[in-house]
Amino acid sequence: MGHQWRHFYALSKGGLLMNDSTLTVRVARRTLAAKDIVVLDLEPAGTERLPMFEAGAHIDLHLPGGLVRQYSLCSDPMESGLYRIGILRDPNSRGGSVTVHEQLLPGSEITISTPRNLFPLAAGGGKSYLFGGGIGITPMIAMAYSLHHAKLAFELHYCGRSPEHMAFLDELGAAPFADKVFTHCDQVEPPAPANIATLLGGAADDSHVYVCGPKGFMDWVMDAARTMGFSQERIHHEYFQAEMELGGTSFEVVAAASGKEVAVGPNESIAQALTRIGIRVQMSCEQGVCGTCMCTVLEGIPEHRDSYQTDEEKAENDQIAVCCSRSLTPRLILDI
């Protein structure tokens, strides 16, 4: 991260609302911002202040029923006092987005994690091209604010089906960087989808691409960027949902700290198997996209099924996402 937009956690006379990794907030405002998208403004539940955050950061929401779900912060990182998140009601929801839409009302209090950033802006470099597909626009908004404050060149491209399905249009239209915001809609007359090759056609060699959204959208943008000559180091992405390959042959897992051993069945995850023997691993997305459940591999070769690690990191075979990955060897020993 460049010094232009880096924020540090620090104590002050007013105190800092930080309890190692969690804090309590209240829903200050709730807005149905587009079809099936609710935007929540979260404020401190007490008198303390919220920690500042970097563009690209997310928080974990600890929802009723033990659910933990991640959502990107989309407010201006320079704006203290609130965190803003946008949540799409997913028709294939495993409970998280439905719970948010139905239960988090104004005044509701909820436990969240302190902000974590797995999708930071790159240090240095030239112009930034930000691509948000659908609800994937959320981290891009925070990035746009940070780049604007740092007086760095960027374009923000918001892609969606139609304006009715796109939240934040009014905010972006009134933003101080509104002239750098471009919307692209597939289901309008006439259709106006983004032409990635044209948009990146004049990009300089030190420019960067950032993308977030559905997997198909992200693959499309990243493939186009690579075709236009962008190296992998200049293409940055964050999955919020991924299609997981399920099932496989059984194998053994040993938890080195306790010496406990368990057989992972053909249709269960390592995390589920470990839970059966009393070992709980912290998880969030349960789809291999967030990295929360990463464990160190001491022996054996993982079968990586996550979208969190790079290809280079997977090749090292020293970390495994236990929510989704399996084993290529009959036995794995993990440092847990």
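These questions and answers walk through parts of a predicted model. Residues are numbered from 1 along each chain as its sequence is written, and side-chain values use heavy atoms, leaving out hydrogens and water. Local features need pLDDT of at least 70 and side-chain atom pairs count only at pLDDT 80 or more, while totals for chains, interfaces and linings use all residues.

Me: What is the bridge partner of His58 in β4?
Reply: Strands β3 and β4 run antiparallel and are joined by five bridges. In β4, His58 is bridged to Ser72.

Me: What is the bridge partner of Val25 in β6?
Reply: Strand β6 (residues 109-113) pairs with β1 (residues 22-34) over five bridges, in the antiparallel sense. Strand β3 (residues 58-62) also pairs with β6, over two bridges. There His62 is bridged to Thr111. For Val25, the partner in β6 is Ile110.

Me: Is His101 buried or exposed?
Reply: His101 is found in helix α1 (residues 96-103). Buried means under 20% relative accessible area, exposed over 50%, and partly exposed in between (1.4 Å probe, protein chains only). At 10% relative accessibility, His101 counts as buried.

Me: Which residue's backbone oxygen lies 2.9 Å from a polar atom of the His101 side chain?
Reply: Leaving aside neighbours within four places in sequence, His101 is in contact with several residues, including Arg30, Asp36, Leu88 and Ile87. The backbone oxygen 2.9 Å from a polar atom of the His101 side chain belongs to Ile87.

Me: How many of the 13 residues of α2 are buried?
Reply: Among the buried residues of α2 are Ile137, Pro139, Met143 and Leu147. Helix α2 is largely enclosed by the rest of the structure, because the buried count is 11 of the 13.

Me: How far apart are the end C-alpha atoms of α2?
Reply: The expected span of a helix is 1.5 Å times one less than its number of residues. The 13 residues of helix α2 (residues 137-149) should therefore span 18 Å. The end C-alpha atoms agree with this, at 19 Å apart.

Me: Is Lys151 buried or exposed?
Reply: Lys151 lies in the loop between α2 and β8 (154-160). Its phi is near 60°, a positive value in a residue other than glycine. With a relative accessible area of 77%, Lys151 is exposed.

Me: What is the bridge partner of Glu299 in β18?
Reply: Another open sheet has five strands in the order β13-β12-β18-β14-β16, with mixed pairing. Within that sheet, β14 (residues 294-299) and β18 (residues 331-334) pair in the antiparallel sense over two bridges. In β18, the partner of Glu299 is Ile333.

How values were computed: Pairing = 2+ DSSP bridges. Helix = DSSP H or I, 4+ residues; strand = E, 2+ residues; numbered from the N terminus. Polar contact = N/O pair within 3.5 Å; in protein donor to acceptor, adjacent residues only side chain to side chain. Contact = heavy atoms within 4.5 Å.
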